Amino acid sequence: MSTADGVIIGTTQIFGTAPRNQAFNVVLLAEGFTSPEQSDFNLACSAFVTALTGTDPFGQVAHALNVFRVNVASNQSGADDPVAAGGTGAAPATYFDARFGANGLRRLLVCDNTIALQVALAQVPEFAVVLVVVNAQVYGGSGGSVGVFSLAPGATEIALHEMGHTAFGLADEYAYYAGGVEPGQDHHPPLDPSEPNVTTNTDRPTLKWNWAVATTTALPTMSTPDCASVDGRPSPVPMGTVGLFEGAHYYHCGAYRPEYDCKMRALSVPFCRVCQHVISTRIASPIAADVPIGTIDTPAPLATVAGEVAFTGWAVDDSGIADVGIYRSPVAGEPADASGLILVGTATRIPGARPDIVAAFPLYPGVASAGWGFMILSNMLPNGGNGTFTLHAVARSLSGESQVIGTRVIVVDNAASVLPFGTIDTPGQGAIVSGQVVNFGWALTPQPKTIPLDGSTIDVYIDGVLAGHPSYNHFRPDIAGLFPGYANSNGAVGVYQFDSTSLSNGLHTISWVVRDDAGAFQGVGSRFFSVQN
Amino acid sequence: MPNESPPFQPRPAVRFIFEYEGDQVRLVAQQAVEMVVPEASPSSAAAPGYYLDARDAAERTLARVAAPGAFRRSAEVFPERHEEPIARIDVPGQRGAFTVTLPAVEQADHVTVVRVVAGTDSGPGPAATVRAVDVASFPLSRR
């Protein structure tokens, strides 16, 4: 069973138009498909492309992605399936010698990696990833330098997870080694792993994914209560929250992952935001897109939100970005513009907020301001801010092209919210300040609760550190008119003053955390500002 | 120098394919290619793992890139029901292959597979030390 057991028919590019020497090239190799079965392989490749481009962030960087299929006709069909591992005993003569039952585990499907890499090198020397598609309906696959997966439903998930390792250097995020019952996995060794999606570091300023963590998110975000076992509790924060979740890189304690869940932790869930960022910058960075590229980073898809919602992301273009508009799809009966959308507002672009994008796209004009942010007070959306809404980020380049760089469906449920809500009005997102700074904002909480009038339960955080409390209970007619009937409707405004000369020149963050008289609390108004004294 | 180009830009490179069994490794193929390759600082290996060095005749390291998938000692086993945990099993002495793409370095004479391991004096925190051990060297073809 070897290359004598088949013949290479040829290579076909089935997705993408990017230059090979800059593109992220995926090579699919046919294994165990006879000559008459090549159409089955072609269909499997098409299905893989659909799965790949339907998995965030691959679809968003499709302009830099090529997929090739290498048709290889094996003399016989299928893969070895040893009886000793619970298989059928089949032993077909195939080109890459694929076999189930490696190490006695039937679903561990492997092949001759040397042959696979040599074929890929000969057919597409610029390959980034080699995947072997095995003509078998038994579930199985494996990873390493070559990804292997069968035609069984769900097996493409194996390939996507393994691409995370092979092509993007991502670590496993699960908190166990052999499934969770093995000893010796209590505490991670002290050395910080080099992979971008796991860490032993809990220091906010030096955290690898500091850029993705809201100042109001606690670090650690979730700690393992008993290091002798895997923490099986649900997430204490909404899905999509980036922070530090203990239990990662095969250990129960001492190592952290960015989100509660991720495809590098379990199959059939999305890649977390940090992994998506690693993938998208690696794939898209070499290629100047014809249109702006970028993403929406927050909120998470299908997140249930209330009150103020932070939309954040990044955008770049080889001519520079003119602006990023935030739009929403109209609700039934609502008029829209010619594009079919309704403009919500223009995002603020924030110099210095995304050094990771600067590193990935160093030659793009204006890349220092690639990061953008926009706060939506969801209470002002139709139906009092209740229902499912679809929002879009549209980046417009300085050369005039516009591109939807991300779409988010969010579930807004202010009716059921028991949390305070509000926003910061000044400093504006990305504002430049000097000297004494007046920080205005407002906050309300659902009835029958109230926010103490002295402002003592409103915490102002600057750079994640508690700075003080605002003077509260000031009247503003527009707030009173928009939100009548709340305990604090006629005194929702707070004001806090601080001396910016006590801060270094450069980028800082400010946010409020509001607690009502029932103890419910919520962060409102997190934003960047720049000090220039 | 190999790290003067902007990151993520295509550049002349050499792709290597290695085959291993246990601790033994052999070079199966090397081929010139122009493509996007990782950064290759001579001192880029700060974490345990396997790397490939481009070295001159005096054994000076000119470029170093990670060699993911080299000498795998474990394999992932994926559950058919995806809500169940992924597991790893040890596969000691397994035969396998890996590929590394290294920026072309004019002064390079040979490549060396390097294993970086945590030092014996490792203490808590990121200051823990590592040391590099040469595994095997192979001449560069001049085609």
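## A sheet in chain B

Two strands pair if DSSP finds at least two bridges between them. In this predicted model, four strands of chain B form an open sheet with the order 4-3-8-9. The pairing is antiparallel. Strand 4 (61–66) and strand 9 (130–139) of chain B are the edges, and each pairs on one side only. From one strand to the next, the twist averages 30°.

Strand 3 (residues 49–55) and strand 8 (residues 110–118) of chain B run antiparallel, joined by seven bridges. B:Leu52 has B:Val113 of strand 8 as its bridge partner.

## Where chain B meets chain A

The contact involves 43 residues of chain B and 45 residues of chain A. On the chain B side, the elements giving two or more residues are strand 1 (10–21), strand 2 (24–36), strand 5 (74–77), strand 6 (87–90) and strand 7 (95–103). Strand 2 of chain B supplies the largest share, seven residues.

By class, the side of chain B that touches chain A has 27 nonpolar residues, nine polar and seven charged.

## An enclosed helix in chain A

Helix 3 (residues 156–166) of chain A is largely enclosed by the rest of the structure, because 11 of its 11 residues are buried.

Technical notes. Residues numbered from 1 in each chain as written. Chains lettered and ligands numbered in written order. Predicted model: local features only at pLDDT ≥ 70, side-chain atom pairs only at ≥ 80, totals over all residues. Contact = placed C-beta atoms within 7 Å. Nonpolar A, V, L, I, M, F, W, Y, C, P; charged D, E, K, R; others polar. Buried ≥ 20, exposed ≤ 12 C-beta atoms within 10 Å, placed from the backbone. Axes fitted to C-alpha atoms, helices over the stretch in contact; angles between N-to-C directions.
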